[in-house]
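These are my notebook entries from one sitting with the model. I set down what I looked up, along with the conventions behind each value.

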Amino acid sequence: MIRVGIPQALLYYQYFPMWKAFFGTLGAEVVVSAPTNKTILNLGVSRAVADTCLPVKIFLGHVISLIQKCDCIFVPAVTSLGKKTYNCSKIIGLPNMTRALIPECPIIFDPEINLEKGRYYLYQNIYKLGRNFTSNPFKIKEAVEDAWKSNLAYQNKMSDKGITPLEAIDRACQGKQQSTFDSNPAPLLTVAVIGHPYVIYDDYLNHRMISRLQAMGAKILLPEMVPRSALDAAARRLVGEPHWSFEIDIIGAGEYYLENKVDGLINLSVFGCGPDSMMVSFVEHRAKELKIPFLHLSLDEHTSEGGLVTRLEAFLDMIKRRQRIWV
Amino acid sequence: MKTYLGIDVGSVTTKLALLDESNEILASTYLQTQGNPVDMIKQGLEEVKKQIPLEAEICGVATTGSGRALAGVMVSADLVKNEITAHAVAAMHCVPEVQTVFEIGGQDSKIIIIRDGVVIDFGMNSVCAAGTGSFLEHQAERLNIKIEDFGEYALRSKNPARIAGRCTVFAESDMIHKQQMGYPIDDIIYGLSQALVRNYLNNVALGKEIRPKLVFQGGVAFNKGIIKAINETFHTEVYVPPHNELMGAIGAAMLVREEMKNDGHRTKFKGFGVSQIEFQVSSFICKACPNLCEISQISANGKVLARWGGRCDMWERVEK
């Protein structure tokens, strides 16, 4: 059985159930790297070029941690997810960067996902990928259908039940049912957090920010809890035709939650993120217009969580004192 | 008489203020933290104890500043509050019509935007500590002048030198270069003050609407050169409250008074005897997972009071 390694980083949070179903149906074993930890971060930082962002460095660390544990590694090049929208160059060039920086890496399967080039190009690339595992075209078709079904189920689970990707993955792939998220019995206020899934859900990278906010008495809303169609519509209302694929989810969620009058909005971003720096300012302006408190947090390789906690506490205090909620 | 104690443990200085019910300062102290917050908190308590009137009864204690968690555990505080909220509350008390607060301390600088008596926005310096008190102090030391005299030099300047303010390392090499070219020291120092304010404007205050009245507080507000530079940059009068260096501690004391009133509880404060307790601070590496977190702990009389520093909350739970 071929073992396919999938790094638990970057696009993992968006697409893992889909990938797992695809490779599973093709008869391969899926090996996932451990959640980010210090060793993984150090491995990644030791290889990465200095001006990539922290999530990319972490991704490289995950790839290195998978060497010896799998026969191939899956690193798709997700170039475009719609007409005239593209991804960040670091995402597009990810397979090539990985190959160049980690020469000892096992073979990398890197289908280009580029919807700008139309459906046929996509089918071709996925078929090519499937041929590595089987020569039966019907088997590949079945794998694609399973993958798509899993993906829809995953997306719906998050938006219908209001759970995080990590929980949805746990439920879909490990059969866990118990929800640990949102155990706050009587939240004092509601805060939406927007940002790339690989920043919001990597607890090592963001110093457990979501659970810290919950412990401070806030109910947390996340981009994945908004239905796809509402995200697209909100992003379009805010900026017209967005250029960046993944930013649609971020600014769409920002606009959606602002319109639904959350008590506060937090943007969690990493130092040096180009697309965020351009697109999130639209959300920031909108928050100012609607007079909803907005906090921008920029994360990097800091190991002390002190500064982050101070800002979060002050932000929640500001909201509470505004609304005269005394605790 | 009911009184409330605020303790502000900053990176560079430790401040304590004791307020009565009408927010009058009854006792206060301002000490250099000198990298040893535990001893400084104890010393601060000693000094406040000497100043307090006989009839004063401590009804609440709050801690703030970057060392607030440590101080909170040591004295068993009723409230542990972040410094942004504490500074805002104190500024609104001293200058009720305030709309903008600048606070520049030892390691960080903040801006707080207030409208109609409510904080609506705030900002803090992001990745580095460029342009804060520690940097000014370091430069003063290098030029062999006292930090207290820094402002006087700046005010004498006629043609301030242009110093790069983005990064302290660049600023320092710029200053050395100007000094070697024969610029008078007054002009270099005022140039540095301007650079600091420019950096503050581009970094901390970016995109914030600065409206009068503008209150400037924190230790750096002692520096007349910086006040002048703010005045020139923002074209508005700068109010420096009478106890600019104590504002965090004052705000904390005010907040705990509010809290104890709403709460109706008795204070958990251990009393001034805290200054006699031997606290042990130690650290170890947790080997439970590959993260190898550095955990620091504080204990007294062989009993662990609190632990910090983990990526998870495994060590933070301490049996009382």
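Domains of chain B

I began with the domains and found that the C-alpha centres of domain 2 of chain B and domain 3 of chain B lie 38 Å apart. The assignment for chain B lists domain 1 (2-86 + 248-276), domain 2 (98-240) and domain 3 (278-320), with bounds from an automatic or database domain assignment.

I noted that this is a predicted model, in which local features need pLDDT of at least 70 and side-chain atom pairs count only at pLDDT 80 or more, while totals for chains, interfaces and linings use all residues. Residues are numbered from 1 along each chain as its sequence is written, chains are lettered from A and ligands numbered from 1 in the order in which they are written, and side-chain values use heavy atoms, with hydrogens and water left out.

B:Asp8

I then looked up B:Asp8, which lies in strand E1 (residues 2-9) of chain B; strands here are DSSP runs of E of at least two residues, and helices are runs of H or I of at least four, numbered from the N terminus. B:Asp8 is buried, with a relative accessible area of 5%, where buried means under 20% relative accessible area (1.4 Å probe, protein chains only). Leaving aside residues up to four places away in sequence, B:Asp8 touches several residues, including B:Thr13, B:Lys15, B:His87 and B:Gly248, a contact being heavy atoms within 4.5 Å.

Chain A

For chain A I recorded 14 helices and ten strands. Buried residues make up 57% of the 327 residues in chain A.

Key
Buried means under 20% relative accessible area, exposed over 50%, partly exposed in between (1.4 Å probe, protein chains only).
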